[in-house]
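Student: I am new to this kind of picture and would like to learn how to read it feature by feature. Could you guide me?

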Amino acid sequence: MEELKKRILKEAEVGEGDIIRVDMFLNHCMDVALLERIGKALAKRFKGERVDKVLTVEASGIAVACFTALALGVPAVYAKKFQTGYIDPDVYAAEVHSFSMEKSYTIRVSRRYLEPDDRVLLVDDILASGQAILGLLEIVSRAGAEAVGVGVAIEKATKDGGEVLRRMGLRVESLVKVERIEDGHIILGED
């Protein structure tokens, strides 16, 4: 997706530990027109697949998941990181470790929102180590549902998450791949 590549090269910042900050347009201050096009692009990648739900983890992946679900005409569901009074206590849960946040947490999805016959597309803003997606896969499995694949706006090829998921036999579609970071500069892969 050329537009996303240009935005990354122009605006993204590299933080400590090679964290790629795209919060100025993707996941904090959101360019909703861009997010809508990202959602359409991800939906197009999975055209022809039966997708019943789009699933992500709160919070950064929610916008990408919502626009992807909108383009597919299906509900978006997100796994919550905290048990609150607003979520049904009867949940599917999985432990996830976040390397960017340097902590582990439990993600939860109410059992009423995942059915055994659901075909679920897992979506996130950035795929690095793949821990969030692995947690979502565990929840999908516990629900007896099926993962159709994984769609992400940005894949960090410098981390092994995408390869781990592909070796598991999952279809992984990323709109942009970050091949490496050199001297604080982001180097994108060629399509």
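This is a predicted model: local features need pLDDT of at least 70, side-chain atom pairs count only at pLDDT 80 or more; totals for chains, interfaces and linings use all residues.

Student: In what sense do strands E3 and E4 pair, and over how many bridges?

Tutor: Strand E3, residues 53-57, pairs with E4 in the parallel sense, and the pairing runs over four bridges. As one instance, Val54 has Ala76 of E4 as its bridge partner. The two strands also belong, together with helix H4 (residues 62-72), to a right-handed β-α-β unit.

Student: Which residues of E4 form its covered face, and which its uncovered one?

Tutor: In strand E4, residues 76-79, the covered face consists of Val77 and Ala79, whereas Ala76 and Tyr78 make up the uncovered face.

Student: Where does UniProt place the feature "binding site"?

Tutor: The unreviewed UniProt entry places that feature at Asn27 and Lys156. Asn27 is found in helix H2, residues 23-27, and its side chain makes a polar contact of 2.7 Å with the side chain of Asp125. Beyond its neighbours within four places in sequence, Asn27 is in contact with Val22, Ser60 and Asp125.

Student: And Lys156, is that residue buried or exposed?

Tutor: Buried means under 20% relative accessible area, and Lys156, at 5%, therefore counts as buried. Lys156 lies in strand E8, residues 146-156, and its side chain reaches the backbone oxygen of Asp18 at 2.7 Å. Setting aside residues up to four places away in sequence, Lys156 touches several residues, among them Ile20, Leu127 and Val178.

Definitions and conventions:
Residues are numbered from 1 along each chain as its sequence is written. Side-chain values use heavy atoms; hydrogens and water are left out. Buried means under 20% relative accessible area, exposed over 50%, partly exposed in between (1.4 Å probe, protein chains only). Two strands pair if DSSP finds at least two bridges between them. A crossover is right-handed if, with the strands pointing away from the viewer, the path from the first strand over the helix to the second runs clockwise. UniProt positions are given in the numbering used here, feature names are shortened, and annotations may be inferred rather than shown by experiment. Contact means heavy atoms within 4.5 Å. A polar contact is a pair of N or O atoms within 3.5 Å; within protein, one must be able to donate a hydrogen and the other to accept it, and residues adjacent in sequence count only if both atoms are side-chain atoms.
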